[in-house]
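Visitor: I have a structure to look at and some questions about it. Please keep the answers plain.

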Amino acid sequence: MRNKKPFVSAAAICESVLQDKDGVVSLIRIVDRFTLRIVPLPPGEVPTLQLRAFFGVKSGDVKGRSELSVKLRKPDGNTVQLPQKFPIVLNGEEHGANLTLTFGMPVIFGLDWLDLYWNDEMLTSAPFRLVAETPDRESPAQKS
């Protein structure tokens, strides 16, 4: 049976994406949970988190020009379309395309999703959770 959409080979939030001279990609520190310390900010300023995401797709039977795009689904139900669409060319079989994104996002604690779209059709989602750091209890060394 022929595939009508590309296959997803990777969808991850990570600290770093390395690409060797031969084109091989390495994802460093794949993360699905961020624990953030809350610090006081000036009035009206919203805390942000810098994220790096990697998506890889493989052609299979799909050939030709198309585009990838990403939407961010926040825990409060809001969806944010990332502003850029990324043109790709798929040549069939094991050929594919990789997309690495680095962007800042406002912090809303809870479960977020990055949704990958191919020609406006959802391919997959990569979840990650933002958690507020809780104050440490008094450590045994601090007790009298």
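Visitor: Which residues does Asn-3 touch, not counting residues up to four places away in sequence?

Guide: This is a predicted model. Asn-3 is placed in the segment before strand E1 (7-19). Leaving out residues up to four places away in sequence, Asn-3 touches Ser-59, Gly-60, Asp-61 and Val-62.

Visitor: Is Asn-3 buried or exposed?

Guide: The side chain of Asn-3 reaches the backbone oxygen of Lys-5 at 2.7 Å. A polar atom of that Asn-3 side chain also lies 3.0 Å from the backbone oxygen of Ser-59. Residues under 20% relative accessible area count as buried. Asn-3 has 14%, so Asn-3 is buried.

Visitor: Where does Lys-74 lie, and is Lys-74 buried or exposed?

Guide: Lys-74 is found in the loop between E4 and E5. Beyond its neighbours within four places in sequence, Lys-74 is in contact with residues including Met-105, Ile-108 and Leu-130. The relative accessibility of Lys-74 is 8%, so Lys-74 counts as buried.

Visitor: Which element gives the largest share of the largest nonpolar core?

Guide: The largest nonpolar core has 30 residues, and Phe-34, Phe-55, Leu-114 and Phe-128 touch the most other members. Two or more residues each come from strand E3 (33-36), strand E4 (48-73), strand E6 (86-106), E7 and strand E8 (121-132). The largest share, 9 residues, comes from E4.

Visitor: Why might nonpolar side chains be found together?

Guide: In soluble globular proteins, nonpolar side chains tend to be buried together. As one case here, Phe-55 is in contact with residues beyond four places in sequence, among them Val-70, Leu-99, Leu-101, Leu-114 and Leu-116.

Visitor: Which element has the highest mean pLDDT?

Guide: Across the chain, pLDDT averages 90, and 93% of the residues score at least 70. Among the elements, strand E5 (residues 79-81) has the lowest mean pLDDT, 90. The highest, 97, belongs to strand E7 (residues 110-118).

Notes: Residues numbered from 1 in each chain as written. Predicted model: local features only at pLDDT ≥ 70, side-chain atom pairs only at ≥ 80, totals over all residues. Heavy atoms only, no water. pLDDT = per-residue confidence, 0-100. Helix = DSSP H or I, 4+ residues; strand = E, 2+ residues; numbered from the N terminus. Core = buried A, V, L, I, M, F, W, Y, C linked by side-chain atoms within 4.5 Å. Buried < 20%, exposed > 50% of the residue type's maximum accessible area, 1.4 Å probe, protein only. Contact = heavy atoms within 4.5 Å. Polar contact = N/O pair within 3.5 Å; in protein donor to acceptor, adjacent residues only side chain to side chain.
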